Number of protein chains: 2
Amino acid sequence: MVSNPKRQDSNQLEQLVNDAQILFDEADDVPFTREPYENALGLYLISPSGALIEPERLVIAEHKLTTLGFDVRIDKAADSRYMRFAATDKERAKAFSRAAKDDASIVMATRGGYGLSRILHHIDWKLLEKNPKVYVGYSDFTAFNLALLAKTGLPSFTGPNAVGDFGADMVDDLIADIFVEAMRGELEILSFIAEDADSVDEEGILWGGNLAVLCSLIGTPYLPKIKKGILFLEDVNEHPYRVERMLIQLLHAGILSKQKAIVFGEFSDYKLTKFDNGYDMAEVIRWLRSEVNIPVITGLPYGHGEMRVTLPIGKKVGIATEDGMAYLVIDKHEHDVETHTDNQGVYLNCGCSLVCQGKHETPSKPEAKASKKNKK
Amino acid sequence: MVSNPKRQDSNQLEQLVNDAQILFDEADDVPFTREPYENALGLYLISPSGALIEPERLVIAEHKLTTLGFDVRIDKAADSRYMRFAATDKERAKAFSRAAKDDASIVMATRGGYGLSRILHHIDWKLLEKNPKVYVGYSDFTAFNLALLAKTGLPSFTGPNAVGDFGADMVDDLIADIFVEAMRGELEILSFIAEDADSVDEEGILWGGNLAVLCSLIGTPYLPKIKKGILFLEDVNEHPYRVERMLIQLLHAGILSKQKAIVFGEFSDYKLTKFDNGYDMAEVIRWLRSEVNIPVITGLPYGHGEMRVTLPIGKKVGIATEDGMAYLVIDKHEHDVETHTDNQGVYLNCGCSLVCQGKHETPSKPEAKASKKNKK
């Protein structure tokens, strides 16, 4: 509702800024400790899915993203509303064209919800192909991530949504850190606890996202045909039997058998009942292993819960597991042993069997840590 | 838990029969008025999906189906349990083979739930093809209806489930009547109120069922490729945005454009919220009409609510609408004007533009009425 003064008359603007300021002050209690980047990256915010529930949080998101080193621009329809959608279908589709024509290098979704499926056939894919951008968002945005890859071959990112993650009262430092590093091409390796992981040491195209959204693209021109891929999945509010039914669709459609690894993120906010009688997500994983001869890794800190890392979709990555840890090698790199720990003490765990011959120590708190290149 | 004495020791059996008798007596308060058929039809009950929630109701279903003119046999695994499923995957798949080898002409599901997706690749389709049966069930059974058509070309029925409908305390007479007529090949025409119906007068292969289950088969070998079809859909507990996302999948997969008509059954048990802001099932229908140039008919009395007609899947039927009514011509027939009303006063509304030149009166209570041939 605010953020772009050009679109507001002064009275409206004053009220909205005041509303936003209240949230803003609260949110500011959690300062960012990150040193500012010298070069701000242009970041264009669009709302391709649901209407913003609290539009005033867009200002907070704008401020925090600015603090994180981005030059934020907000699409004119980002805070519109049409029924449950952020704007009419045509307006939301056009926002992608406006973003493509803007000189911002990054295009970020404000939030998810539902709405991208409605506009996939209205998006000007040729225009987007001619003007490559770094796209990021998650949940419903999975439809765009996958459709972009299918229609143009371009990779993109799944990661935080602007308002949900940076317009919140509390911003998760790790979500922010990994997001910034991914946007700046500094993210090399993600390591995470994966106690229930099959042994794997592979490379492949990383793809996936929200399972329900991904499955809703099967049979359509918007699902990329990925062979030898590393498929990662998450979902929210889906009972394990529904998760399993979707996995079965991937199985019977011949998609799972083409993958080199299946990586499970977080499956959250479902309720088991007495009738389930022992059936749960662990059983779904057990069943999956009985049906496919592909390494299955669980524990990826990605989903609708408290943590979501930023991951490329459509990019070749490496994956390896060892001693209850999984290593997702986003960017291959070469360095000597000394650089394996950065100056902030973040352990640069790089899945060395894939990348280099350095000697590693086990990280003391090995939860979703990111290794990165030096700041530019 | 009961019903087949051979599998129970006498103590167990006595207890279970007592349990069942209590429900049975209550259920018997609603007598069937139908005259018995002289020739009972063999009907084999299987549980291909969820475990029976109240297994003792199987006896009630058996009794009522017997009263309705069926010689009921119960598969040995029909009242088993494996987690939330009626039995292990292999056992549930084998039940189809046992049914195929039985001399019963009808195979009926005891209930839906979830479980057929898990066993589609374990079912012996060749055996089923060699031993054609009249299959019936709904909800999760849609997976079987469609897979059977895709794998063998054989039609089947969607209609009541044995325990859910005939093991209930109250059995709906119209559900029972239409089911019996369909099983005996007596069902000719179904007419229903369809106030929001586009004009249509077409013939095509009738197919569909539960929307979520149907969409879970897209991209797999278990979805039949129906051209010039009449697609009917229902669902339960799915928010309109999820229904729409599934319709979009059918749209983008090129499936909708191949149909001659889309018929909406009941979509029940979802909750709209304030955030929907005017978005509802009516908007979904409106949106669909804006995207496809295919007649859309609503009001089919089929779904998870109080009423579900029995419909063939994979059979050529006719559909016509006129003056707020829709006519689904299941079986073409020829007769003179006098036979348009049967001796029970049921109006034989036959969509005459498709079938004959008889003169019709408007039915006084035109809700889901069935026309039928004389009892045999």
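User: Which residues of chain A does the UniProt annotation "domain: LD-carboxypeptidase C-terminal" cover, and how far apart are the end C-alpha atoms of that stretch?

Analyst: The annotation comes from an unreviewed UniProt entry, which places this domain at residues 203-317 of chain A. In the model, which is a predicted one, the chain over residues 203-317 is 25% helix and 30% strand.

User: How does the N-terminal counterpart look, and what is its end-to-end C-alpha distance?

Analyst: For "domain: LD-carboxypeptidase N-terminal", the unreviewed UniProt entry lists residues 45-159 of chain A.

User: In which sense does strand β7 of chain A run against β12, and in which sense does β7 pair with β8?

Analyst: Strand β7 (residues 201-210) of chain A is joined by 6 bridges to β12 (residues 315-322) of chain A, and these two strands run antiparallel; one of the positions involved is D201(A), whose bridge partner in β12(A) is A320(A). With strand β8 (residues 229-236) of chain A, β7(A) also has 6 bridges, and here N210(A) has E234(A) as its bridge partner. The sense is therefore antiparallel for β7 with β12, while for β7 with β8 it is parallel.

User: What share of the residues of chain A counts as buried?

Analyst: Chain A has 12 helices and 14 strands. Among its contacts between residues at least 6 apart in sequence, 78% join residues at least 24 apart. Of the 376 residues of chain A, the share that counts as buried, with a relative accessible area under 20%, is 62%.

User: Which residues touch the most other members of the largest nonpolar core, and which residues does F144(B) touch?

Analyst: In soluble globular proteins, nonpolar side chains tend to be buried together. The largest such core here has 115 residues, and those touching the most other members are L65(B), F70(B), F96(B), F144(B), F179(B), L250(B) and L311(B). Leaving aside residues up to four places away in sequence, F144(B) touches F96(B), L116(B), I123(B), W125(B), L128(B) and Y135(B).

User: How many residues are in the second, separate core?

Analyst: Members of this second core include I46(A), L128(A), V309(A) and I313(A). Its count of residues is 114.

User: What is the volume of the largest cavity, and which elements give two or more residues to its lining?

Analyst: There are 2 cavities of 30 Å³ or more, and the largest has a volume of about 260 Å³. It is lined by 16 residues, of which the closest to its centre are A212(A), M246(A), A212(B), R242(B) and M246(B). The elements that give two or more residues to the lining are α9 (211-215) and α10 (240-252) of chain A, together with α9 (211-215) and α10 (240-252) of chain B.

User: Is N277(A) buried or partly exposed, and what is its phi?

Analyst: N277(A) is found in the loop between β9 (259-268) and α11 (281-291) of chain A. Its relative accessibility is 38%, so N277(A) counts as partly exposed. Most residues other than glycine have a negative phi. N277(A), by contrast, has a positive phi, with a value near 55°.

User: Is N237(B) buried or exposed?

Analyst: N237(B) lies in the loop between β8 (229-236) and α10 of chain B, and although not a glycine, N237(B) has a positive phi of about 60°. Because its relative accessibility is 55%, N237(B) counts as exposed.

Technical notes
Residues numbered from 1 in each chain as written. Chains lettered and ligands numbered in written order. Predicted model: local features only at pLDDT ≥ 70, side-chain atom pairs only at ≥ 80, totals over all residues. Heavy atoms only, no water. UniProt positions renumbered as here; feature names shortened; annotations may be inferred. Helix = DSSP H or I, 4+ residues; strand = E, 2+ residues; numbered from the N terminus. Core = buried A, V, L, I, M, F, W, Y, C linked by side-chain atoms within 4.5 Å. Buried < 20%, exposed > 50% of the residue type's maximum accessible area, 1.4 Å probe, protein only. Contact = heavy atoms within 4.5 Å. 1 Å grid on protein atoms, 1.4 Å probe; cavity = no way out; pocket = protein on both sides within 12 Å on 5 of 7 lines; lining within 4 Å. Points joined across faces, edges and corners; volume = space filled by probe spheres on them.
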